[in-house]
Amino acid sequence: AALLLALQVRLVMKAHSFIRENVPRVLSSVKHKSGTAHIPRISQYLYFLFAPTLIYRDNYPRNPTVRWGYVATKFAQVLGSLFYAYYIFVRLCIPQFRNSSQETFNLRGLVLCIFNSILPGVLILFLVFFAFLHCWLNAFAEMLRFADRMFYK
């Protein structure tokens, strides 16, 4: 459910950027009664939907070739991050809650269980951010030959 919500928010943000960039151009051509209104092509919009950016432009800087070794490395890093997050979860989080489920409920046990899970939870959060925001987006940027890689600025 959270993944679907994130995808919908991303699509709404992209649609907003597309409309915000193109409606003023169309309205100004109608206002000046010029016969040519610059309407983006479908291919430009589809490229924008898959490019790792939220700002619509008609053209983006592009690399001449795709470095497939770089793409494979980034996808391997995504898989490695997911396996490491699974390992942390299985080794550090699940045993805490498994032990607490066998005991009678008490507040002290719950607080200890939560505090013992904070560090593994933060590690998993960092791994997920690294896997998605760095590796996944860079892999798709490379496959689309998207040259503007200033994700962190």
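Contact here means heavy atoms within 4.5 Å, and by that criterion the buried residues of helix α2 pack against helix α1. This is a predicted model, in which local features need pLDDT of at least 70, side-chain atom pairs count only at pLDDT 80 or more, and totals for chains, interfaces and linings use all residues. Residues are numbered from 1 along each chain as its sequence is written, and side-chain values use heavy atoms, with hydrogens and water left out.

**Helices α1 and α2**
- Helix α1 (residues 2-31) and helix α2 (residues 42-50) pack at an angle of about 140°, and their axes lie 10 Å apart.
- On the α1 side R10, L11, K14, S17 and F18 take part, and they meet Y45, F48 and L49 of α2.
- In α2, the buried residues (under 20% relative accessible area, with a 1.4 Å probe and protein chains only) are Q44, Y47, F48 and L49.

**Helix α4**
- The 37 residues of α4 (residues 107-143) should span 54 Å at 1.5 Å a residue, and the end C-alpha atoms are 51 Å apart, which agrees; the expected span is 1.5 Å times one less than the number of residues.
- At I118, α4 bends by about 35°, and the proline P120 follows within four residues; the bend is the angle between axes fitted to the seven residues ending there and the seven starting there.
- Buried residues of α4 include C113, S117, P120, I124 and L127.

Conventions:
Helix = DSSP H or I, 4+ residues; strand = E, 2+ residues; numbered from the N terminus. Buried < 20%, exposed > 50% of the residue type's maximum accessible area, 1.4 Å probe, protein only. Axes fitted to C-alpha atoms, helices over the stretch in contact; angles between N-to-C directions.
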